[in-house]
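Let's take a walk through this assembly together, one chain at a time. Keep the model open beside the text as you read.

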Amino acid sequence: MRAKRLIAAASAAALTVGIVALATPATAAVNICKAKNVAEAGGLDNLIKLAKKEGKLALITTPRDWANYGAIHDAYEKAFGVKVTVDNPDGSSQYEIDTMKTAPKSKQPDSIDIGPLVVAQVTPPGGKPLTSPYQVINWKDIPNAAKDPSGLWYGNYGGKLAIVYNTTLPSVPTKAADFSKAEYKGVVGITGDPTSSNQAFMSVLAASIGNGGSKNLSDVSKGLELFKAVKAQAPLVKVNSTNLVTGTAKLGFMWDFNALGVVPAAKAAGLDLKFVYPSDFVLQAPPYINAINAKSPNCANARLWQEFVYSQNKGKTAAQLTAADLKLPGSKLFALMQGGQNYFQQSGADPIMSAAMAKKKLLVPSLLDFKVPATAKVVGPATIADVLTAREQIISSWASL
Amino acid sequence: MTFKVIEEGAPKRGRAFLTSFIKNFLPATPLLLIVGFFFLFPIARLIYVSFLSNENTFTFSNFVTAAQEPYRTGFVNSIKIGLFSAAIAAFPGAIAAYFIETRGGSKLRRTIAVMSGVLANTGGIPLAFMFYAALGIQGQLTKVLKFFGWDLYAGTFSLGSFLGLLIVYLYFQLPLMVIVFSPAIVSLRREWSEAARNLGANQFNYWIRIGIPLLFPSFIASFLLLFASGFSAYATANALTVGNLPLTPLQIGGLLDGNVSASQLNLGKALGVVMILISACAVIPYLAIQRRSARWQK
Amino acid sequence: MIKSKFQLPLVFTLLILGFFVFVPMISAFEYSIRTPAKGGYGWDSYLWAIREEEFLYYIIRSTWLAGVTVLITLFVLVPTLTWIHLSNSKVRGLIDGLSLLPLVIPVVAFAVGAQISFPEFVKNTVLELPFLYFVLALPYAYRALDIGLSAIPLKTITEAARSAGANWLRTITSVIIPVIRGSVMATIALTFALSLGEFTLTVLLHWDTFPTWVTYVAQENILGAIAISMMSLILPFLLLTLITLFVPERSTQGRK
């Protein structure tokens, strides 16, 4: 009789313990995919622990030589022992949106980096958002105009447009208006089609402010006029690496934050390229935008990646991390590492949190060897609303220029 | 073997119907299944989505926009480039095919067939690069021509212009013509040329009365194929132009796989559907001509 | 076969064609052998490409994908076309038309259609690629084989083979294919080249093959990327040409 009661009690106890044991880690796993900030993820240490267990981070369209992404990937991989893969590094923002909508589970990315002109598709009217809301630790340091209030997307880094030129040009170009000079005939170009390429689109905007249109960023007619004048002499060429190498293209606009990658690669191919900011007006373009994919397969890494990319810390880069550092508990290691925002800063891209970081004196120096001239005025940052208006102008007029 | 006498054209009944079905249809099933699933199914879906608005309701608005600028110019330019690139490749290609097939040894013919197969598939950035390296503003051939007094770039010539595109398209259209037209030459039986000569016709008469009329349908058919190829070429035009020459495949590419996006999300798909319709106008005559000339190739 | 007299037009044709085909290739080739670091020329870019750790992996990957595509093409098209020619079936018009459809749609639209329609299990396997490449090659492959079969006395040789006791498999492989070997070689060349170089469809369906790897690697080493493009162009060319030249000749009726 007593034995039976004992057994019953023991079983009940075991059952309860079992249920609790089963419930607790299960709740934690479910929570991470719904965690909206680091607190809901159980703290930075827990987040790093879960990320290490997942072991993988799936990114999309972030080339290594773009805004220092290569260094950021390396640091993340080394510190947390996570393998970073990039789907279609040269892909477009539309590709990222379509991937989130249609790709099979095995090909879904964790985090996306899209251009400002497609961000509207992240929140389709009458449908579910494609992303999961998340707010990083320093959420308030992101300007309001550059983020979605509920955390569905947030600006990451922005670029300025610089003039890139082949030093074999007869004279050094100093501003956008120089593009239509007769001595540059036939070798002036643009990196792509402004109706489909973000960088080309912003080039037209940069040309616009350099041709008298600096007052109104939503009107790019002056930029279209400038390119029309260039085209009147000779058709525009495509500015890509092979055309630069063959001397087919010798002058155009490019993102300043790609200079660190482009100039050495050009040099290795026997090409002497230089970047210089326009001496009159420099365009601060709207930022590229990050978000966590709603179908993210590695939820913890998706969130840890955001925390890392938005970390404002000054600290060690991948090469400087020692074996001892790597053994430190998660948050201590995190505090030691240079944050993503400073990696962007080094490449010349403007981290979205630069205003706050400048106040806190956390910004490291940029590694670019060219600076905005004292005579130049930085125009912007252009807002998403500005560029949406400009887009309609470009789509309707570019082809018939 | 027993023979079943069936009246020609009588509707088949019962078992005869089943046998007829199996005879006429079944062996094609593997091909039809593969093409059906891997091709028709995606295209059907594309057509379906082209009628959807941004809010997923039924609409014609995508097609309305497709009929306006700059897409209208895109269609016109694409048709022009298809026609012109086919025209300038068809004649040289036909003549080259003629000489190769009739005068070349067997090894030469097969080598050319293989080379043409590879060349017909060149395109995109590698092809653009080859041409810029040769004919670009700092190209090797450009320099040679300049030495002999002809400055290609004195005016407004550029490989990214309509003319430039035609020259580059020739690189894959010519081999395509050779591949597609050669068999027609082969089918021009030597016996006919001998018979004509025996009947007193000279070379000129032979060509005017027999050769050209016989080859003409295949020539037109090959021309239409080249048109379809030039019309829908994407990667090469993408590598050479920056949107200055509106072409439908580029516009579709920009809408479906770009960074700027238009306000109508399904516009690209609508453009694709219109492209299919235009190409169908070239393909249907091709089939009709092929069927008629097939008789002579037996 | 007119062999000795009137070779001049042929030589002339070949010279012009050769000039047009090879001048751009040679100009591009010159870039690929430049060595800016040391000045002058060298094979550095090619050596770099071959030594890249993923070069071999991606070449093998693209080659076997292309190989599978060629197999699908031959296995499906040769029997089907043979049957169509022999039976003069009523579906011939339909199939002829179907075979031309892939030509009329730009690859990027086709790729997006595939993105939004295929079920998960198809999108998850790399084997979807050979079937898609087959569809892309269909207009050319179908035409080449169709015309090859039209040019031979198909009924006669098939009946001869069958009455000699061969079953359909042997008839096709031992009798028909050798007789149309020219068309078969052209088909293999076209299909293989197309699959090796297919980029847009591959990338939009989230796969990585040799062409996609090349654009990725191009960023850091521009001359190296040019070397790789040259290799992708010249190697299939040489390979297939060598195979054609060394495969023994078999005389066919009505030819030569």
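Domain bounds here come from an automatic or database domain assignment. For chain A, that assignment gives domain 1 (35–158 + 287–359) and domain 2 (161–283 + 371–400). The C-alpha centres of domain 1 of chain A and domain 2 of chain A lie 29 Å apart. Their contact takes 14 residues from domain 1 of chain A and 13 residues from domain 2 of chain A, where two residues are in contact if their C-beta atoms, placed from the backbone, lie within 7 Å. On the domain 1 side there are seven nonpolar, six polar and one charged residues; Ala, Val, Leu, Ile, Met, Phe, Trp, Tyr, Cys and Pro count as nonpolar, Asp, Glu, Lys and Arg as charged, and the others, Gly among them, as polar.

A word on conventions: this is a predicted model, in which local features need pLDDT of at least 70 and side-chain atom pairs count only at pLDDT 80 or more, while totals for chains, interfaces and linings use all residues. Residues are numbered from 1 along each chain as its sequence is written, and chains are lettered from A and ligands numbered from 1 in the order in which they are written.

Now look at two strands of chain A. Helices (H or I, at least four residues) and strands (E, at least two) are DSSP runs, numbered from the N terminus. Strand E6 (residues 161–166) of chain A runs antiparallel to E10(A), and four bridges join them; strands pair if DSSP finds at least two bridges between them. One such bridge sets A:Val164 against A:Phe275 of E10(A). In a regular strand the side chains alternate between the two faces of the sheet. In strand E10 (residues 273–276) of chain A, A:Leu273 and A:Phe275 belong to the covered face, and A:Lys274 and A:Val276 to the uncovered one.

Chain C has 13 helices and zero strands. Its C-alpha trace spans about 70 × 60 × 30 Å along the principal axes. Of its 256 residues, 46% count as buried, that is, with 20 or more other C-beta atoms within 10 Å of their own C-beta, placed from the backbone.

Which chains does chain C touch? With chain B, 74 residues of chain C are in contact with 73 residues of chain B. On the chain C side, H1(C) gives the most, with twelve residues. That side divides into 51 nonpolar, 17 polar and six charged residues. With chain A, 20 residues of chain C are in contact with 22 residues of chain A. Here the chain C side has ten nonpolar, six polar and four charged residues.

Conventions. A residue is buried if 20 or more other C-beta atoms lie within 10 Å of its own, exposed if 12 or fewer, and partly exposed in between; C-beta atoms are placed from the backbone.
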